[in-house]
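Dear colleague,

I am passing on the structure we spoke about, with some notes on its side chains below. Please read them with the structure open beside you.

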Amino acid sequence: MTGHCLCGAVTVRVAGLHDPRPGACHCRMCQRWSGGLFLCFSADAAGVTVDGPVTRYASSDFAERAFCPVCGSHLWMRDNTGASYDLMPGLFDEARDQPLRSEVYVDRAMASVRLQGDHRRATQAEYEQKNHHVAGVAP
């Protein structure tokens, strides 16, 4: 899959194993970054190639967020292990028809972006119980 930012300055290519179905996050940090709802799909770092200028921001002790410095398009969130990318599906035409895989922080969702459908869901408490490194990061 090949995708690009709004202005075309950054191109992202994904090869190899990945699950193109997006997951959704409603934590407060993702709400602030995205304006309401963060959607991403995961791809192994070895299969991701990025061309063009990228600005990275350390949004927490455990992850960075990246965007195009020309147009501001969000590109990815990536944890400090570097094992994978959580890529923005809107960059890729091929991702348009993918169903939602999962949703976290469902109890924190803004009223305007509550999602319907049959997919895995987790509340803040459920998600943070399994992912201790994020607990309390985005109240």
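**Side-chain contacts in the predicted model**

Please keep in mind that this is a predicted model. I began with E64, which lies in strand 7, residues 63-67, and which counts as buried because its relative accessibility is 17%, with the cut-off for buried at under 20%. Its side chain is joined to that of W76 by a polar contact of 3.1 Å, and, leaving aside residues up to four places away in sequence, E64 touches R56, Y57, A58, S59, W76, M77 and R78.

The next topic is the aromatic rings, for which a search of the whole structure finds four pairs. One of them is formed by F41 and F92, whose ring centres are 5.4 Å apart and whose planes stand at 70°, so the pair is edge-to-face. Since F41 lies in strand 4 (residues 38-44) and F92 in the loop between strand 9 (84-87) and strand 10 (102-104), the pair ties together parts that are 51 residues apart in sequence. Both F41 and F92 are buried.

Y105 and Y127 also form an aromatic pair, a tilted one, with 5.5 Å from centre to centre and 55° between the planes. This pair links distant parts of the chain, with Y105 in the loop between strand 10 and strand 11 (120-122) and Y127 in helix 2 (residues 124-130), 22 residues apart. Y105 counts as buried at 4% relative accessibility, whereas Y127, at 26%, counts as partly exposed.

Finally, there are two arginines to look at: R65 lies over the face of F38, at 5.7 Å from the ring centre, and R78 lies over the face of Y85, at 4.0 Å from the ring centre.

Terms used. Residues are numbered from 1 along each chain as its sequence is written. This is a predicted model: local features need pLDDT of at least 70, side-chain atom pairs count only at pLDDT 80 or more; totals for chains, interfaces and linings use all residues. Side-chain values use heavy atoms; hydrogens and water are left out. Helices (H or I, at least four residues) and strands (E, at least two) are DSSP runs, numbered from the N terminus. Buried means under 20% relative accessible area, exposed over 50%, partly exposed in between (1.4 Å probe, protein chains only). A polar contact is a pair of N or O atoms within 3.5 Å; within protein, one must be able to donate a hydrogen and the other to accept it, and residues adjacent in sequence count only if both atoms are side-chain atoms. Contact means heavy atoms within 4.5 Å. Rings of Phe, Tyr and Trp (its six-membered ring) pair if their centres lie within 6.5 Å; planes under 30 degrees apart count as stacked, over 60 as edge-to-face and the rest as tilted. A charge sits over a ring if NZ of Lys or CZ of Arg is within 6 Å of the ring centre and within 35 degrees of the ring normal.
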